[in-house]
Amino acid sequence: MQSSKTRRKVVPVATEGDSGDKLDQLLLSAAICNGEDLGPFVRKIFASGKPDTLLHHLRHFARSKESEIEDVCKAHYQDFIIAVDDLRSLLSDVDSLKSSLSSSNSQLQSVAGPLLSSLDSFVDARNVCRNVTLALDSVRTCVQLIELCSRANSHLSANNFYMALKCVDSIERDFHGKTPSSTLRKMLEKHIPAIRSHIERRVNKEFGDWLVEIRIVSRNLGQLAIGQASAARQREEELRMKQRQAEEQSRLSLRDCVYALEDEDDDGMGGIGDEGKDGYSNGGGHGMLGFDLTPLYRAYHIHQTLGLEDRLKQYYFENRKLQLTSDFQVSSMTPFLESHQTFFAQIAGFFIVEDRILRTGGRLISKMEVENLWDTAVSKMCSVLEDQFSRMQTANHLLLIKDYVSLLGVTARGYGYPVDALLDVLSKHRDKYHELLLSDCRKQIAEALAADKFEQMLMKKEYEYSMNVLSFQIQTSDIIPAFPYVAPFSSTVPDCCRIVRSFIEDSVSFMSHGGQLDFYDVVKKYLDRLLTEVLDGALLKLINTAIHGVSQAMQVAANMAVLERACDFFFCHAAQLSGVPLRMVERSRRQFPLNKARDAAEEILSGLLKQKVDGFMTLMENILPVQVLKRVLQDVLCHISEMIVGALLGESVKRFNINAIMGIDVDIRLLESFAENQAPLLSDADANQLKTALVEARQLCNLLLSNHPENFLNPVIRERSYNALDYRKVVTISEKLRDQSDRLFGTFGSRGYKQNPKKKSLDLLIKRLKDVN
């Protein structure tokens, strides 16, 4: 078969001599040969009004193509004849092929018969296999479903609700639409909601039990947290005390000291909760104040899984708010002093728990909700404090509650809660507390003054001296005296000092930790009131009503001199406790606050002494007979001599030196001179007899001032110069006499030192008299 020839475009070529019609004919012929659109030619001809020209050109083109058509037909005819000849030659080959195909078909039929029967068997087997495979898939699906159901039951039995819900969700998502068994499908549709309802009920029960239990836990938690704050405050006070001591010693330049104020490990404040080991961790890493939030977190997680998160949030907030409202109730059956710790600890524990839940519970409760609860709690606590403080009439009770509230404030501030409103309430009742404290001190000072016997205080042990003298810095020397020690003041002084010191410490305790850093001026103001109004007034009343003798007046005057030193200690002590440098206190020295009582004591003492002098001067007048006057003066001088010897012999004097004897000798000379001056009233014999009333004291002074006291052992000399002395008294008094070289550490570096001959003689006298005894 001959392939068709491809057409090629005929491009007309115009010569220079062609006319316009010739050109149009050529263009038309070219367009027809090329198969182009003849529309433009038709429109052009009709536009020119010459359609006959177009027909003429078309006829001319048809005649020009007739010869070509004949040539093409001739060529195609020859090809057709050749093709017919070729087909005739193929007929024989087709017949042989037909017979071959027929034989092949018969052979194929004979061979394919068994194969077709085998194919039918194969198709049947394949259908059976497909059915078996489908059955196995269904069984496998059912087995997986049953395994998930069994796993869900196991988790339910183990109270592992979250995993049980995950299994239920997996069953519903992966098997509910694929389950081939209608029975299983109906079972799933029935039990899946039941399981979810069961889990919700169980979790809600655990959550409800936790809400009940957390109230008890919160109270214990608050008490422990406040206790830790108290311990931390105590450690801080101890460190501050050490620092004050170091500063004081450095200020006084007593010795070079280096203090290392080591900060102790603080296990408190924030030590709340253990790190959870399961999926419901409580957060934090603190083991001191552990509490379990697992039921809460589990309930929240389960409700999130069930899509009930918002409902649990609302339920939790409403119940906790009701619990807080219940915690605000103050029992009228129990005094607030006994229940205030439980009241405030319950609230503190509540907000410690809420702080932990806020930080570790996801979005269970918002920060704004916690802040609103805290504002409500602060408002309620302030109203309770206002009401209770207004009823209290005991300063100590008010201080106890204030201290606990301040510890509550420290604890709450450690968790980021504002406590300014609470501190404002405490500051508001500052004046009432100090008025009550002044009233208590007024009663205590009155009792202490009423119990005073106006006798010098005897201290037998060093701890008594430290407790009554050193602790108030009223000593006159840094050297510890020998014991028993007779103080120049009576028991009123240390008793009143203890009351004032307790007032200072209570005042500072109330002002401390109340939000006000510089409170020394406030403490000083109330200390001034205590000294000037209470103590000075009580002393003034005592002086005006209970002083009736010179000894009492002298003791009160001596007490005032000691209290003047004690007042300096009071203001320094207040400054130290308030954290004010002592140099600031020393700069602002003020007058003695007990000046009215001091002036009154000195005035009454002066008046009593004037009365004594007036009485003595009356005695000196010639009202009495001479012999009566002589006997009276002799008895008085004898009494003075006995008192001098008795003073040296008594237990109150442990030791003395030669200077004391020299002073006594001067006094005896004055008394002897007084007796000699009575010669104008008395005879010389009577005047000498007056001097003999002082003989025991005179002979004792002569013996102790003698360079050879061992002469007392000579009977002749003893009879002539010391006949009024008892050797037993001489031994006791001589043992108390100490030489100047017998001071403490006086023998250091004195090797080869020659002993004083007088001292040697006195030791010999003592030894011989003891042997005689």
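Visitor: In this predicted model, which residue does R320 meet in a salt bridge?
Guide: The side chain of R320 takes part in a salt bridge whose N to O distance is 2.7 Å. R320 lies in helix α7 (residues 309-327) and its partner in helix α8 (residues 336-360), so the pair ties together parts that are 34 residues apart in sequence. The partner is E354.

Visitor: Which helix holds D665 and R669?
Guide: The side chains of D665 and R669 meet in a salt bridge at 2.9 Å, N to O. The two residues are 4 apart, about one turn of the helix. Both lie in helix α20 (residues 658-676).

Visitor: Why does D665 count as buried?
Guide: The cut-off for a buried residue is under 20% relative accessible area. D665 falls below that cut-off because its relative accessibility is 8%.

Visitor: How far apart are the closest N and O atoms of K729 and E696?
Guide: K729 lies in helix α24 (residues 727-736) and E696 in helix α22 (residues 695-705), so this pair links distant parts of the chain, 33 residues apart. K729 is partly exposed at 30% relative accessible area, whereas E696 is buried at 15%. In their salt bridge, the closest N and O atoms are apart by 3.4 Å.

Visitor: Which residues do salt bridges that share partners join into one network?
Guide: D665 and R669 form a salt bridge, and both belong to the network. Its members are D665, R669, E672 and R698.

Conventions: Residues are numbered from 1 along each chain as its sequence is written. This is a predicted model: local features need pLDDT of at least 70, side-chain atom pairs count only at pLDDT 80 or more; totals for chains, interfaces and linings use all residues. Side-chain values use heavy atoms; hydrogens and water are left out. A salt bridge is a side-chain nitrogen of Lys or Arg within 4 Å of a carboxyl oxygen of Asp or Glu. Buried means under 20% relative accessible area, exposed over 50%, partly exposed in between (1.4 Å probe, protein chains only).
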